[in-house]
Amino acid sequence: MKGIFKKMLQAAVVVSPVGGYVYGVKSMEATHHAHEELVEETKKGKVGVYTFPTSPFAHKVTSYMDYHGIPYTEVTVNMLLKPELYFSKDYKLVPVAFVKGSQVNDSSDIIRILAKDKNSMFSAGFSSNDEKVMAVVDEKVAPAALMSILNDNDSASKVGGKYGTIYKIALPMFRPIAKMLFPRKMGEAADAELLVPALKEAFKMIGKNRNPSASELALFGVLRNMDNLDCTIAALEDCGRTQWYNDLLNKCEKNSKREVPTSCCSL
């Protein structure tokens, strides 16, 4: 009975309003095939990463790889149905990465593994201070940044790109959930009251370095996720880090070796 139900599910056509994905048996097969190809590529040195455009945690990872010129393939996940994450039974968050053929969950763990790989020319190391800064980025900066987006429909539309319209519709329903997921103050305090102090704490721990550390690039990645928003521009000016941000952005855009799958089942 279970096998019959599975075949019926695969044969059915499922339509998602997020991103315009249409999945049936052919596109499911294409998704599986594309994933298998991606995993094989990672065994040869490339990194594979599953992301979503508005995820600050996904941008942490891609920014680290962009800066260091690490070749990677980025797969955008449909966050409603998540068919691209079929292979991950118990973990359905982004980012999910494949490094040397092995699955790695959680943005900080992905960066930690990439930075500590002594056999890689891209290894940047991961110090005890990186651990402390990363905790501030994950526990304070990223939630504050995400709530800054969620508290403003226009911000969500800008960050969401082609998903912006869907975000505007879904935000009223998602905000209460977000407030339960994050500490209460994250959902109730004004954006500037959250983001600027969190950034200043992280910047104080980082200091000013000639070459950015792993955690510094992670912090940059969170801000890169929302770089076209007024609150981000104001926060960087308040912290005196506008030039810092622009320098890292230029370096990431210059060095990036990002690719997207050639076989894709999105319409």
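This is a predicted model: local features need pLDDT of at least 70, side-chain atom pairs count only at pLDDT 80 or more; totals for chains, interfaces and linings use all residues.
Q: Hi! How do H10 and H12 pack, at what angle and how far apart are their axes?
A: Helix H10 (residues 214-224) and helix H12 (residues 242-255) meet at about 90°, and their axes are 11 Å apart. Angles of 65 to 115 degrees count as roughly perpendicular, so H10 is roughly perpendicular to H12.

Q: Nice, and which residues meet there?
A: From H10 you have Glu216, Leu217, Leu219, Phe220, Leu223 and Arg224. On the H12 side they meet Trp244, Tyr245, Leu248, Leu249 and Cys252.

Q: Switching topic: what's the strand order in the open sheet?
A: The order is E6-E5-E3-E4-E7, five strands with mixed pairing. Strand E6 (102-105) and strand E7 (258-259) are the edges, each pairing on one side only.

Q: And how many bridges join E3 to E5?
A: Three, with strand E3 (residues 47-51) and strand E5 (residues 96-99) running antiparallel. Valine 49 stands opposite alanine 97 of E5.

Q: Which strands does H3 touch?
A: Helix H3 (residues 56-68) touches E3, strand E4 (72-76) and E7, and its direction makes about 150° with that of E3.

Q: What about H4, where does that lie?
A: H4 lies across E3, E5 and E6, at about 125° to E6. Seven of the ten residues of H4 (residues 107-116) are buried, so the helix is largely enclosed by the rest of the structure. Among the buried ones are Ile110, Ile111 and Arg112.

Q: Last one: what caps its N-terminal end?
A: Aspartate 106 caps H4 there, with a side-chain oxygen 3.1 Å from the backbone nitrogen of serine 108.

Notes
Residues are numbered from 1 along each chain as its sequence is written. Side-chain values use heavy atoms; hydrogens and water are left out. Axes are lines fitted to C-alpha atoms, for helices over the stretch in contact, and angles run from 0 to 180 degrees between N-to-C directions. Helices (H or I, at least four residues) and strands (E, at least two) are DSSP runs, numbered from the N terminus. Angles under 35 degrees count as roughly parallel, over 145 as roughly antiparallel, 65 to 115 as roughly perpendicular and the rest as oblique. Contact means heavy atoms within 4.5 Å. Buried means under 20% relative accessible area, exposed over 50%, partly exposed in between (1.4 Å probe, protein chains only). A polar contact is a pair of N or O atoms within 3.5 Å; within protein, one must be able to donate a hydrogen and the other to accept it, and residues adjacent in sequence count only if both atoms are side-chain atoms. Two strands pair if DSSP finds at least two bridges between them.
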